[in-house]
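I am keeping short notes on what I looked up in this structure. Each entry covers one topic.

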Amino acid sequence: MPKISILVAVYNSAAYLPQCLDSLLGQTLHDIEVLCVDDASTDNSLAILRDYAERDRRVKVFALDKNHGIAFARNVALSNASGEFICFVDSDDWLGPNALEAVCKTFTDEVDSVLFQVVLHYADGSEKVYPMPPFEALSGERAFVDSLTWKIHGVYAIRAAIHHAYPYDDALRTYSDENITRIHYLKSRKVAVCEGVYYYRQHSSSTTHRVSVRRFDYLLANERMRSQLVAMGTSEANLRCYETIRWQNLVGLYLFYYLHRHELSSTDRQEALSIMRHVWQTIHLQQVSPSLRRKFGYIPFRPSQPSLRSSWSSLRCPTRLLHRPSWFLFRPLWFLFRLQEELYFTLRALVGRNKEAK
C-alpha cells in the first residue's frame, strides 16, 4: 500500500503536464501512486501520460472515451486509489519538492485532513501566498465553517477511508468539488496545516474568472450542498450558517449579473435570472441571519418558508417555472427583490463599491 495516492484529472493540459508530473515523481517521499485520468483530451495529454507511465510504474493512466468533467474524472482515480491518504493535484498545478512528505508527517491519530500551503501563480510569473489565519489544527466543524467564506482554502490531503466514503459529487460539472471539500472537513476530527507548498496556477480563462452563464451554477452547487448537509443530519447551527452564506452568494451573483449582463446572450440572461429566481424562491429564509435579512440589498421580499421546489429539469428549462400557478403569486415579490438589487448596486456604483470578489 502506498503512503499517499494523488488524483490527477487531465483535460487538454499538455503544456503543463510535464511540470506537474515531474513535481510529483520528484517528491522526497517516494512511496506514492499517481492516478491520472485523461478526460477525453483533444491534445496530446494522453500520449504524455502514457510516456510517463512507461518510465515510472508509480504512474497509472486511465483514459475516458467521453468528456465528463473534473469530478467524474477524479472519482475514476479515487476508485483505483490504494493509499493510506489521498490528495488531488490539478494537471496544470505542481507541488514543492517536499510537499507530500510534509503532509504525511502532519497526520496524527486525530488529524484526518491536512491543508497545503497554497501559492497562487499568475501568468506574469508573480506569486502570492493564499492568506489564512495562523493555526496548527482546527476541529472539523470549525474548519467547515471557516471554509464557507474561504477563510481557509480547499487544497488538502485526507484520510482515505473518509474520501472513499464521500466521493466527488459529479452531478454538476463545475463547483461541486467545493462541496465535497466542506463535507470532508466536517467529517474530520481535526484539520491541520503543514508547510508543504501547492502551486496553484491562475488562469483568466477559467470558469471562475470568465464572463459566462455557468458562473450561476455556483448557486445550484450551493443548493446541492444544503441537501447533502440535511441528508447527513448536520446541526441546525451549521444549516443556519450555510443558508446565510447561500443568501449572500445570491446577492453576490446578482452583482455579477448587474455588471456583465450585456456580455451575455439573451438566452443566457434568461437562464441566469431563472437560476437566481429559483434560489430566491426556495431558500430557507428562517435559517438566514435576521440582521442580514433586514439589510438593504438583502431584504427577501417573500415569506420565510420556501414555496416552490422545482426539479432539475425545470432549472434547465426556465419557461417551465413560469407555467406553474404558484409562480404568478410571487411575480410581484420577485419584481420588488430585483428592483431592490438594481437600486442597491446602482447606489454602490456611484461610490465605487461594486467590486467583484476574486
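Is Cys241 buried, partly exposed or exposed? I looked up its relative accessibility, which is 24%, so Cys241 counts as partly exposed. I note here that the model is predicted.

I then looked up Cys87, which counts as buried because its relative accessibility is 2%. How many disulfides are there? I found a count of zero. For Cys87 I checked the distance: the closest cysteine sulfur is in Cys104, 8.3 Å away, which is too far for a bond. The cut-off I needed for this step is 2.5 Å between the sulfur atoms.

Entry on positive phi. I looked for residues other than glycine with a positive phi and noted Ala40, with a value near 60°. Ala40 sits in the loop that runs between strand S2 (32-38) and helix H2 (45-55). Its relative accessible area is 17%, so I wrote Ala40 down as buried. I also noted Trp150, which is not a glycine and has a positive phi of about 60°. The loop that holds Trp150 lies between helix H5 (140-148) and strand S9 (156-159). With a relative accessible area of 34%, Trp150 is partly exposed.

Entry on Arg74. I located Arg74 in helix H3 (residues 70-79). Is Arg74 buried or exposed? I found a relative accessible area of 2%, so Arg74 is buried. I next listed its contacts, leaving aside neighbours within four places in sequence. They are Leu7, Ala9, Phe88, Asp90, Tyr168 and Asp177.

Entry on helix H7. I looked up helix H7, which covers residues 176-187 and has twelve residues. From its first C-alpha to its last it reaches 17 Å, close to the expected 16 Å. How many of its twelve residues are buried? I found ten, and I noted H7 as mostly covered. Among the buried residues of H7 are Glu178, Arg182, His184 and Tyr185.

Entry on a surface patch. I looked up a nonpolar patch on the surface, formed by Phe296, Phe301, Phe335, Leu336, Leu339, Leu343, Leu347, Leu350 and Val351. Together these residues have about 870 Å² of accessible area. I picked out Leu347, which is found in helix H14 (residues 325-350). Its relative accessible area is 48%, so Leu347 is partly exposed.

Key: Residues numbered from 1 in each chain as written. Predicted model: local features only at pLDDT ≥ 70, side-chain atom pairs only at ≥ 80, totals over all residues. Heavy atoms only, no water. Helix = DSSP H or I, 4+ residues; strand = E, 2+ residues; numbered from the N terminus. Buried < 20%, exposed > 50% of the residue type's maximum accessible area, 1.4 Å probe, protein only. Patch = residues over 30% accessible without salt bridge, like charges linked within 9 Å, V, L, I, M, F, W, Y side chains within 5 Å. Areas by Shrake-Rupley, 256 points an atom, 1.4 Å probe, with all protein chains shown as cover. Salt bridge = Lys/Arg side-chain N within 4 Å of Asp/Glu carboxyl O. Expected span 1.5 Å × (residues − 1). Contact = heavy atoms within 4.5 Å.
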